[in-house]
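Here are my notes for your first look at this one. Have the structure open while you go through the points.

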Amino acid sequence: MAAENPVESLQEEVTCPICLEYFTEPVTLECGHNFCRACIGQCWEGSHTAASCPQCRETVQRRNLRRNRQLANVLEIAKRLSLQAAKGAGGDGVCERHQEALKLFCEDDQTPICVICRESQDHRAHTVVPIEEAVQEYKEKIQVHLKALREEQEKLLGVKATGEGKSQEYLKQTQTERRKIVSEFQQLPQFLEEQERLLLAQLEKLDEEIVRFQNENVSKLSQRISHLSELVSELEEKCQKPASEFLQDIRSILSRCEKGKFQESEKISPELEEQVSGFSQKTIVLLEALRKFKDTLPSALETKRGESLGAHRQGKVTANVTLDPDTAHPQLVLSGDRKSVRWGHIRQDLPNNPERFDPEPCVLGSERFTSGRHCWEVVVGDGPYWAAGVARESVSRKGGISHSPEGGIWAVERDWSQFRALTSPATLLPLSRVPSRIRVCLDCYQGQVTFIDADDEVPIFTFPLGSVPGERIRPWLWVWRARLSLCP
């Protein structure tokens, strides 16, 4: 490479970064950068904020502008050297044809010319102005455009800042609403259990009242039956006696028969009957309210979210998930359509970018979820070692990672003959059969992940409400000596 031209280097040092011309009355800012006095004044014109250096953006004080005499002296030397170099090399500062200084500018041909060129046939009919005027004119036009572009830039920066602020504000609002929903739904089981306890206690008291009344009524009836049995025996015995004995005390016996006739047993008291009827009515109203609540809640969520809770429970809100090759461990081999991944015996020569897992044999899905409900299925086949679930986008990629919610992972795994949910500590899953397809259901609204055996629709495990944080969540797979595929 040829050595740098010292004259050109000197010219760069004495050129204003704003107007790109030689300095005019050079001044120095507190940060050490130099500008023309007029250029820095125009740059700061109309600004109501603190002044800043156009080159490094450092905040400076306007009153601390210092005239740079040494730079002005160097500028004069640079001009003379430039003129000499131009004359010696026939450069841009001297007309190549007439060896005269280029002091004029042809507006028609848009080129600098010398005074001899002005009188030539080529430029005699053209509009020609002194080169300094042309420079000043076009410099002013450039400054107008420069000012407009800077104003547009500032406006866009303001719009960007406003948009980012609004987005953060909305995210805070949705996070607050998420906490409210989780809190209310967590309190709902407690409220229902308390109502159930109170209703059952009232029902138990009614049972006691009914049993007490029944026992009293049975006791009275038993006494009457015993009395009637004695009277029947006495009358039968009386009928067997001779006439003289039979007629003795006959009126008394008949009177006792009249008194011993069957009397209707006591009915249930009106108060007890009212309690039973009132409790039944209250139960009907409460159960009907609960049925309406269960029936209307999914419809309300469908209206607000645009998704069906029933469909979500059945795994019909599907997401088209693909795998991100930039995150795959070097020993994991992805298919061309990025729908399947297998463990390879040879470590691939891949760039060690920050997104890639190493040494954990993991890969993330390309999709990022922050809201809504999403389901996808993973074909696990008969692989002996694998894990499938979700992970937050900020999950650790390098070194050993914690396969747990604390480590940013919510998943289930197979370790040869054992199936576990990756809780902290892990939860053993006593499955009745080995699943070949796992359905992963992510509910960003409730912060919940559910795993279902997709072959027979049997739930495998559910992480509790609110356990998944409100941030970007991505599909996650861990593969060793196995092959996993995402259903198309």
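**Notes on the strands, rings and charges**

1. Strands E15 and E16 (residues 448-453) run antiparallel and are joined by six bridges. Strands here are DSSP runs of at least two residues, helices (H or I) runs of at least four, both numbered from the N terminus, and two strands pair if DSSP finds at least two bridges between them. Before going on: this is a predicted model, where local features need pLDDT of at least 70 and side-chain atom pairs count only at pLDDT 80 or more, while totals for chains, interfaces and linings use all residues. Residues are numbered from 1 along each chain as its sequence is written, and side-chain values use heavy atoms, with hydrogens and water left out.

2. What does E15 pair with besides E16? Strand E10 (residues 373-379) is joined to E15 by seven bridges, again antiparallel. Look at Leu-442: in E16 its bridge partner is Val-449, and His-374 stands opposite Leu-442 as well. In the E15-E16 hairpin, four residues sit between the strands, and Gly-447 there has a positive phi near 65 degrees.

3. How many of the seven residues of E15 are buried? Six are, so the strand (residues 437-443) is mostly covered. Buried means under 20% relative accessible area, exposed over 50%, and partly exposed in between (1.4 Å probe, protein chains only).

4. Now the salt bridges (a side-chain nitrogen of Lys or Arg within 4 Å of a carboxyl oxygen of Asp or Glu). The structure holds 21 of them. One of them joins Glu-377 and Arg-437, at 2.5 Å from N to O. That pair links distant parts of the chain, Glu-377 being in E10 and Arg-437 in E15, 60 residues apart. Glu-377 is buried at 16% relative accessible area, whereas Arg-437 is partly exposed at 25%.

5. Arg-433 and Asp-456 also form a salt bridge, with their closest N and O atoms 3.8 Å apart. Arg-433 is in the loop between strand E14 (427-428) and E15, and Asp-456 in the loop between E16 and strand E17 (458-462), so the pair ties together parts 23 residues apart in sequence. Through shared partners, salt bridges join Glu-377, Arg-433, Arg-437, Arg-439, Asp-453, Asp-455, Asp-456 and Glu-457 into one network.

6. Last, the rings. Those of Phe, Tyr and Trp (its six-membered ring) pair if their centres lie within 6.5 Å; planes under 30 degrees apart count as stacked, over 60 as edge-to-face and the rest as tilted. The count comes to seven aromatic pairs. Phe-369 and Trp-376 have ring centres 5.7 Å apart and planes at 20 degrees, so they are stacked. Phe-369 is buried at 7% relative accessibility, and Trp-376 is buried at 5%.
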